[in-house]
Amino acid sequence: MDLSYGDEYEALRGELRQFLTRSWPLQGEEAKLGFPEQAALFRKRATEAGYLNRSIPKRYGGSEQPADVLTAQVIREEFGRAKAPGEARGIGTMMLVPTLLERGEEWQKEKWIPGSISGEITWCQGYSEPGSGSDLASLKTRGELVGDEWVINGQKIWTSGAQRADFMFCLTRTEPDAPKHAGISYLLIDMKQPGVDVRPLKQMTGGATFNEVFLNDVRAPADWIVGKRGEGWIVSRTTLKHERNSIGAATQTSVIFTALVRLAQRVEKNGAPAIRDPVVRQRLATLEGYVRAHQYSGYYQLTRDSKGESAGLIPLMNKLIGTTISQEAGKIGYDLVGEDALLAAGERTLGLMPKGNQGWVAQFMSSLGGSIAGGTANIQRNIIAERGLGLPRDAAADRSAGK
Ligand SMILES: Cc1cc2nc3c(=O)[nH]c(=O)nc-3n(C[C@H](O)[C@H](O)[C@H](O)COP(=O)(O)OP(=O)(O)OC[C@H]3O[C@@H](n4cnc5c(N)ncnc54)[C@H](O)[C@@H]3O)c2cc1C
């Protein structure tokens, strides 16, 4: 069986290796810059060469290349091998940029996409509020148009990365008399202004990656709105689709699984490497089955997306299975590190490759949030059951449930 990608892609691999040998790590004076600056420089060059930001038009700072699943895969593999920075991964690139591409005004795309994909502009997502999570459309933060500015008042919660973000994409109630889904607008807010009060929330990992955000008479220019007034709910669905895609990405579960196998090779169980233990092997083999299924389901989704066809409920299923895998990997890792499971988790963010035994404690703890973020697992199951399998609707559920 020939498992290579074929001559065309192996030629691309050679080209990539030459580019990466020349371009990463940076040399000379550039190597003295901090990592974020080095990464931004490298990303710009890799984009100019056509390897990164391939789905983004050139006029917004992308490389505008034809969609090709295998090319993208070879690029990922070679960048991974060279430990070179891939596309900036953050709330801005994974959620806002695709939303602006689908629904933003031309000037909004030109203003915000280039800095977001280079990593120079960072974003946070202001959706959830106390009492408005799954039932997101009940949100109460108010936006009032006063002259040529929005004046925004209210409170957001669980806002990941708000302490570092330059801007927030924020759902606000601008039409208080309209039915709840029709009264919301999608506003963009500068976080570095008076009236924005960010208070970190301490998590069980010991870190504080998300926050409460209080908005007191915060201002945004009238045209910093994506979509029309009162159509924010529709725009938010676009963002949510991309949020679930990023949480459900199979690349993350493959990386975690590879790290888990290495851990099982490194630590001992009953005086031998844990990987030789039949129970550990069984758990790893079962998990690998799910990881591979997730990977191929991800390819299927990508193929449909690249042809402009709907992937239906596959993104929801990928998010659900992705978080399940991540949690199971966390549990196995937690069991394998033995007494080190008592270590403090240390600060880390969801989905990054665990480093050292302490990293596995963090992986275990932070993986739990994956089945809540971006819409809870229960809600996903209900949607898959009702819309995918055609099961009867859950009479007890609130039909207005948003995420
Ligand atoms: C790691 C992490 C990062 C996050 N980052 C952000 C962020 O950056 N920005 C942001 O705006 N939000 C963020 N959130 C918040 C997240 O979107 C909400 O927590 C989520 O939507 C659930 O809302 P809730 O916490 O209010 O729970 P609730 O909606 O109160 O749900 C509580 C429980 O009831 C169940 N439930 C509720 N309604 C139904 C129903 N109709 N049918 C069946 N079961 C139901 C849920 O499944 C859940 O088990 C983040 C959350 C996490 C964990």
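I start with Leu 187. Leaving aside neighbours within four places in sequence, Leu 187 is in contact with Gly 143, Trp 150, Ile 152, Cys 170, Thr 172, Ala 220, Trp 224 and Ile 225. Contact here requires that the C-beta atoms of two residues, placed from the backbone, lie within 7 Å.

This is a predicted model: local features need pLDDT of at least 70, side-chain atom pairs count only at pLDDT 80 or more, and totals for chains, interfaces and linings use all residues. Residues are numbered from 1 along each chain as its sequence is written.

Leu 187 belongs to the largest nonpolar core, which has 43 residues. With Trp 123, Phe 167, Met 168, Leu 188 and Ile 189, Leu 187 is among those with the most contacts inside that core. A nonpolar core is a set of buried Ala, Val, Leu, Ile, Met, Phe, Trp, Tyr and Cys residues joined through C-beta atoms within 7 Å. Buried means that 20 or more other C-beta atoms lie within 10 Å of the residue's own; exposed means 12 or fewer, partly exposed is in between, and C-beta atoms are placed from the backbone. Helix H4, residues 91–103, supplies the largest share of this core, six residues. Another core lies apart from it, with 22 residues, including Ile 256, Leu 263, Ala 329 and Trp 360.

Now the whole chain. The protein chain has eleven helices and ten strands; these are DSSP runs numbered from the N terminus, helices being H or I of at least four residues and strands E of at least two. The radius of gyration is 22 Å, close to the 22 Å from the globule rule for 403 residues, so the chain is as compact as a globular protein of that length. That radius is taken over C-alpha atoms, and the rule is 2.2 Å times the number of residues to the power 0.38. Along its principal axes the C-alpha trace spans about 70 × 50 × 45 Å. Of the 403 residues, 38% count as buried.

The domain assignment gives domain 1 (7–81), domain 2 (123–230) and domain 3 (248–371), with bounds from an automatic or database assignment. The C-alpha centres of domain 1 and domain 3 lie 26 Å apart.

Two helices next. H7, residues 250–266, has 17 residues that should span 24 Å at 1.5 Å a residue, and its end C-alpha atoms are 24 Å apart, which agrees. The expected span is 1.5 Å times one less than the number of residues. Which residues of H7 are buried? They are Ala 250, Gln 252, Thr 253, Ile 256, Phe 257, Leu 260, Leu 263 and Ala 264. Seen down the axis of H7, these fall within an arc of 150°, so they line one face of the helix; the arc is that of the directions from the helix axis to the C-beta atoms. The face turned away carries the exposed residues Thr 258 and Gln 265.

In H9, 17 of the 23 residues are buried, so the helix is largely enclosed by the rest of the structure. Gly 338 follows H9 and has a positive phi, near 60°.

Last, two single residues. Ala 88 is in the loop between H3 (69–81) and H4, and counts as buried because it has 23 C-beta neighbours inside 10 Å. Gln 358 lies in H10, residues 356–367, and counts as partly exposed, with 17 such neighbours inside 10 Å. Gln 358 and Tyr 334 are 24 residues apart in sequence and 9.2 Å apart in space, C-alpha to C-alpha.
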